[in-house]
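Open the model in your viewer and keep the selection tool at hand. This tour tells you what to pick next and what is there.

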Amino acid sequence: MFAAETLTGPSIPWFTLSPLLALLIGACVLMLGGSLLPQWPRGLYGIVTALSAATSIVLCFFLWDNLSDGRPETIIGDALAFDHFAVLGTISICVAVLLASLTTSDYLVREGEDGPELFVLYLSAAIGGIVMVAAQDLIVLFLGLETLSLALYVLAASNRRREESQEAGLKYFILGGFSSAFFLYGIALIYGATKHTNLGRIMETLSSQQAFPRNDVLLLAGVGLLLVGLAFKVAAVPFQVWTPDVYQGAPTPVTSFMASAGKTAAFAALLRVSVTALESRVDDWRPVVWVLAVLSLVVGSVLAVTQTNVKRMLAYSSISHAGFILLGVEAASHTGSASAADGIASAMTYLLLYTVLVIGTFTIVGLVAGRGDSASNLTDFRGLGRRRPALALALTVFLLAQAGMPLTSGFVAKFGVIRAAVETSSYAIAIIAMLASVIGAFLYLRIMVSAWMEDAEGQDAAPPVPFLSGLAVTAAVAFTLVVGIVPGWLLDATRQVITLAGR
Amino acid sequence: MAAAVVPTTTWYLILAAALFAIGMTGVLVRRNPLIMFMCIELMLNAVNLTFVALATELTDINGQTAVFFVLVVAAAEVVVGLGIIVSIMRRRQQATADDLAALKG
């Protein structure tokens, strides 16, 4: 039936895959070099990781240019999509690797550890994330998701001396595995209803009305389970229970990576699957996204205010940010209207800007928390303005941006998604989002008040700021302000992500 | 003798759904990390059964190959999961999920 000579492999466009390969080569070099050669000089592991991420970003720019000339397409037998959407997601994830590897380097020095393992895990998680961003087939998406998740479980548990880190790793693992099973069951049922796992073919099958009644049940159950699985990964309420524990327990640089790369990959996958494959069923999944968005916005903002640990606060704030991004997804679901595409563009822009913001914030929290990430309570931030004015200033910029102040990138991000929601006439959700951002602002102000206006008692030691972390924070502040003040270039560029491959 | 009952695809789907539900309940109810982990594996295998049953009905090979990917992923999960569980168990004997409560708020 399948004679060997009739099988022809798909052609593989190597240059299109080059950002992925750059990360893979970096990971192999670190892994082999780290184990075969004697101890590398301190910080070199981090530099190699940062270099391979930077290479990947540069390659992405070339790919972006190439794409602007041609049309989006699917590659390797329709397994991956190659479009602006995928390239922008790749850039976001590589930026996360770049910044996180710089801060992790200093973190390892502070904890008195060394070794390439964390960096290899960052790179392999990024590879998984990039596959998710580009996946054009549900099985490929699942493989990318697992590559990302498995690396993140180990990263969360990576500090063997701290029990909190181990606990975070285990909790993340159990709940992550649980959600992956839901996700996979969803894939199986969608396969049963449509006979395909490829997003493009699923779309064709569904729009040509071939599905008959029993399959409709399978399909709806499948879509529901798929959404549950992805909602776990993006930490949308009511699937957010793991987030505060894991964000608090994991080593701070790892938390920053998780909050940025993990969220980007999962949201990109959610957008691509729902907008491409389930396009003809928007009426079925839009209410689900609507509810998830509203719950995330409200619960995230309100619970954040009640916390006393800054890492937990930021975890809840990341839940509320997930609500904002879901706003973009919701807007993208109004496929009939002309401005639905704005939803896709604004959600992806949000993810890129949030990546930089969240890594910057968590880096400062990690610096203040000191050895063993032990001092991350709100009280530990008292007097930071006097002890380290520059650090407190950078923290203020990040927090204002997260709150959505004008002249920062956070404003650009929030304005984008809310405008997309308003243009698609989703007024209710837009108003809820604005209220949630007011409640959220209170949380960020609390941290700022603690840093600037309260006195430190017995904490006169200024937290040291190592060079690489300082560099990462400076770059993040610069990006936040530049995008906030002149956002035009970025918005013009991201307006191109709306054409998804295979649509 | 009664006529032989021929199981249809629906039977397999219902069996798989039952297994999935058992695994899900197990994760939610049991407190031992190892058992919780085994329940997750049960859920994944229930999905495998679903894939095979559907692939047979649709006479399509893709569902069967998906199972291989799932098996590989499940094996990788075992490696990572047992690693994390062992490193916690080494620190404290008889860890249950309730003992792990340093993180809350």
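We start with whole chains and then move to pairs of side chains. Keep in mind that this is a predicted model.

**Stop 1: chain A**

How many helices and strands are in chain A? There are 19 helices and two strands.

Now show just the C-alpha trace. Along its principal axes, the trace of chain A spans about 75 × 60 × 45 Å.

Chain A has an accessible surface of about 17,400 Å². Carbon and sulfur atoms account for 68% of that surface. Of the 503 residues in chain A, 65% count as buried.

Look at the contacts next. Take those in chain A between residues at least 6 apart in sequence: 81% of them join residues at least 24 apart.

Colour the charges. Chain A has 27 positive and 32 negative charges, and their mean positions lie 4 Å apart.

**Stop 2: chain B**

Hide chain A and select chain B. Its secondary structure comes to three helices and zero strands. Along the sequence, the pattern of chain B reads α-α-α.

Chain B has 105 residues, and buried residues make up 38% of them. Chain B exposes about 5,800 Å², with 69% supplied by carbon and sulfur atoms. Count the contacts in chain B with a separation of 6 or more: residues 24 or more positions apart account for 55% of them.

**Stop 3**

Bring chain A back. Side chains of opposite charge can pair when their charged atoms come close. Over all chains, the count comes to 12 salt bridges.

Select A:R272 and A:D83 and show their side chains. The two meet in a salt bridge, at 3.1 Å from N to O. The pair links distant parts of the chain, 189 residues apart. A:R272 sits in helix α10, residues 252-277. A:D83 is in the loop between β2 (80-82) and α3 (84-111).

Are these two residues buried or exposed? A:R272 has 1% relative accessibility, so A:R272 counts as buried. A:D83 is also buried, because its relative accessible area is 0%.

**Stop 4: one turn along α6**

Select helix α6, residues 163-194 of chain A. Then pick A:E167 and A:K171. These two form a salt bridge, and their closest N and O atoms are 2.8 Å apart. Why are they separated by about one helical turn? Because A:E167 and A:K171 are four residues apart in this helix.

Check the cover on each partner. A:E167 is buried, with a relative accessible area of 1%. A:K171 counts as partly exposed, at 22% relative accessibility.

**Stop 5: one turn along α11**

Move to helix α11, residues 282-305 of chain A. Select A:D283 and A:R286. Their side chains meet in a salt bridge, at 3.6 Å from N to O. The two residues are three apart in the helix, so about one helical turn separates them. A:D283 is exposed, with a relative accessible area of 59%.

**Last stop: a network**

Select A:E167, A:K171, A:D245 and A:R312 together. Salt bridges that share partners join these four residues, A:E167, A:K171, A:D245 and A:R312, into one network.

How values were computed:
Residues are numbered from 1 along each chain as its sequence is written. Chains are lettered from A and ligands numbered from 1 in the order in which they are written. This is a predicted model: local features need pLDDT of at least 70, side-chain atom pairs count only at pLDDT 80 or more; totals for chains, interfaces and linings use all residues. Side-chain values use heavy atoms; hydrogens and water are left out. Buried means under 20% relative accessible area, exposed over 50%, partly exposed in between (1.4 Å probe, protein chains only). Contact means heavy atoms within 4.5 Å. Accessible areas come from the Shrake-Rupley method with a 1.4 Å probe; for residues, only the protein chains shown count as cover. Lys and Arg count as positive and Asp and Glu as negative; His and the chain ends are not counted. The place of a charge is taken as NZ of Lys, CZ of Arg, CG of Asp or CD of Glu.
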